[in-house]
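Subject: Two-chain model, handover and findings

Hello,

Here is the structure you are taking over. My notes follow below it.

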Amino acid sequence: MRTLDYLFGPGATMQPAALAAVAVALLCGLLSPVVVLKRMAFIGQGVSHAAFGGIGLAAVLGLFSVGAAGSGTPLGAMGVVGAFCIGSALVIGFLSSKSGVSEDTAIGVLLVASMALGFLLLQVHRSRPGGSAISVESVLFGDVATTGVTQAVVAWAVLLASAVALFIARRPLLFWAFDEPMAESLGVRTGAVRAMLMVVLAIAIVVTMQLAGVILATAMLVLPGAAALQLSRRLSRVIVLSVILGLAGAAIGLVISFETDWQPGPNIAMVYIAVFIAARLYRSTRR
Amino acid sequence: MSPPPETESSPAIVFDRIGYAYPGHQPAVEGISLRVQAGERLAIIGPNGGGKSTLLKLLLGELTPRSGSIRVFGVTPGEARSQRVIGYVPQRSEAERSFPVSVRQAVSMGATVGLSPWHRTPRAIIESVDQSIERVGLSAIADRPVGALSGGQFQRVLLARALAVKPRVLVLDEPTVGIDAAGQEQLAQVLDRLHADGELTMLIVSHDVRAIAGPQRGGPDAKPFCDRVACLRRTLHFHDSPEGITPQVLAHVFEHDLSAVFGQVHVEAHTAEDCNDPAHASGHTHDHHGACTDEHHDRLGGA
């Protein structure tokens, strides 16, 4: 078993990746029900693709050149990508609420613009003397091999900060998600709640990206909650199930990655899809 | 049009010559003067696009009138909103039915706004929530997910949520839309019980004359939703005179097509004493609140 060697063998090379994966899976499992219930899957998709633009920008700024090999995304680059994602989330919100552009159009425009900008900036970066080759495949589909201790610490810090933010905002968040117009009329600052969730979502995507890649980060944010909602109509159970299914799916997907040496993103996504289909079938048999 | 006579009770809602126009459009409402006494139930009916939503938004403080003033128990709509004077029951379509929350969780959402995130829900709010659920007759299913409820039951969840903030004025927006006759009747009975408690002032906005009037909905014993009816199509036709709301007024408000939409319906609103007039009783069915109906006369069609 390569997995046991990777985790407990000499050097325990994949321990930071596994610890980061646990934090990311818990974070996504926690966020997933509200993403599904508020129909924010496409926003997640737009914001995660915006990360690609952020990576291009970080590369041009030279933030990947220091210790890039074998130590994952440097902190400075993560900061730029995070700022790019948060900015994109806020631009989507602004475009759809103030400019008369529908939300899905705003997301579609931003998604394409970020991908194109990211590729162009990476080309600029490569054409420079001394520009390191950043694996586009790793960015798109994730890469655990380069996840270091720093990334694992950042993932756990983001998980704890997000959990505290969600706990503090739990009552207005629930009301906003259930009935936004009424929440607003009864004094919930719905704009602030939405902005808070978008920021948490954007930061979650940045840490998820390392594991699942830009393209498949949304799978981790959507599928655990979608599966949990097939299994229960009680909120507390939905949240617990989402976290458990998210963790289990990420663990199984990661083990498959370790054993096959394939990128983790597609494995995790396929496990999640299998879990969702199983949950859907279970629900249909209960009717 | 004459203003309602002064009574000993204080006015709950006062609209004084209110006008509002959306930018670049003709006035949505104009010259609206309205006085609802504390504890009274008023229904405002009118066709779609007649200004009902605008009037509601003005009352809830979501729009500011271009002219005139609004007072709810002596304060502005904005102050009334922040002081939780108004409990608002929206059309049920605005809430997410598939959301995994129980009746009790849904009802408590309004009452727990503004609580410290570090504290558990206070005992007083839990009791207020339970009491509201009981008042709308849903205690037996308080722990059931809202997705498992009928349309009428869900409407009463929204009503309980509004009651849980202990409002003095209850505003219902199209309470009969998408609810079957039995659900409408249960809702009317709940509203009647709330009215009997004598604390709440109610304003009901609807396009559905038949359901609001009561007997048109479920036979002569069906509960009406209101004591008085006012008709709105940009201007308000508010009658407290013995003549009540005449077929001509209704025909004007509904552009002569009321009978085509609702069947052969005649609705008059007037004070309850007038129902004791023997000359008035012939050919009509009455209820104790003064809404008076007659399905045999096609008076609207001829209006």
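What share of the contacts in chain A with a separation of 6 or more comes from residues 24 or more positions apart? The share is 76%. Two residues are in contact if their C-beta atoms, placed from the backbone, lie within 7 Å.

Ground rules next. This is a predicted model, in which local features need pLDDT of at least 70 and side-chain atom pairs count only at pLDDT 80 or more, while totals for chains, interfaces and linings use all residues. Residues are numbered from 1 along each chain as its sequence is written, and chains are lettered from A and ligands numbered from 1 in the order in which they are written.

**Confidence**

The model scores ipTM 0.82 and pTM 0.80. Chain B averages a pLDDT of 75, and 68% of its residues score at least 70. pLDDT is the predictor's confidence in each residue, from 0 to 100. Two stretches of chain B need care. Residues 1-8 stay under 50, with eight contacts beyond four places in sequence. Residues 256-303 also stay under 50, with 89 such contacts. Where pLDDT is low, the predicted coordinates should not be read in detail.

**Chain A**

Chain A has 12 helices and zero strands. Helices (H or I, at least four residues) and strands (E, at least two) are DSSP runs, numbered from the N terminus. The radius of gyration of chain A is 19 Å, close to the 19 Å from the globule rule for 287 residues, so chain A is as compact as a globular protein of that length. That radius is taken over C-alpha atoms, and the rule is 2.2 Å times the number of residues to the power 0.38. The C-alpha trace spans about 55 × 50 × 30 Å along its principal axes. Of the 287 residues, 52% count as buried. Buried means 20 or more other C-beta atoms within 10 Å of the residue's own; exposed means 12 or fewer, and partly exposed lies in between, with C-beta atoms placed from the backbone.

**Interface**

22 residues of chain A are in contact with 22 residues of chain B. On the chain A side, α7 (149-168), α8, α9 (180-185) and α11 each supply at least two residues. α8(A) gives the most, with six. That side divides into 14 nonpolar, three polar and five charged residues. Ala, Val, Leu, Ile, Met, Phe, Trp, Tyr, Cys and Pro count as nonpolar, Asp, Glu, Lys and Arg as charged, and the others, Gly among them, as polar.

From chain B, look at α3 (103-111). Nine of its nine residues are buried. They pack against α8 (170-178) and α11 (235-260) of chain A, together with α4 (123-135) and α5 (151-163) of chain B.

**Strands of chain B**

Three strands form an open antiparallel sheet, in the order β2-β1-β4. β2 (27-37) and β4 (67-72) stand at the edges with a single partner each, so one side of each has no neighbour in the sheet. Strands pair if DSSP finds at least two bridges between them. Seven bridges join β1 (11-21) to β2(B). One of the bridge pairs is B:Pro11 with B:Gln37. Helix α1 (52-59) packs on the sheet and touches β1, β2 and β4; its direction makes about 60° with that of β2(B). Axes are lines fitted to C-alpha atoms, for helices over the stretch in contact, and angles run from 0 to 180 degrees between N-to-C directions.

Elsewhere, β5 (86-89) runs parallel to β6 (169-173), joined by four bridges. B:Val89 has B:Leu172 as its bridge partner. B:Ile86 and B:Tyr88 point one way from β5(B), B:Gly87 and B:Val89 the other, and all are buried.

Best wishes
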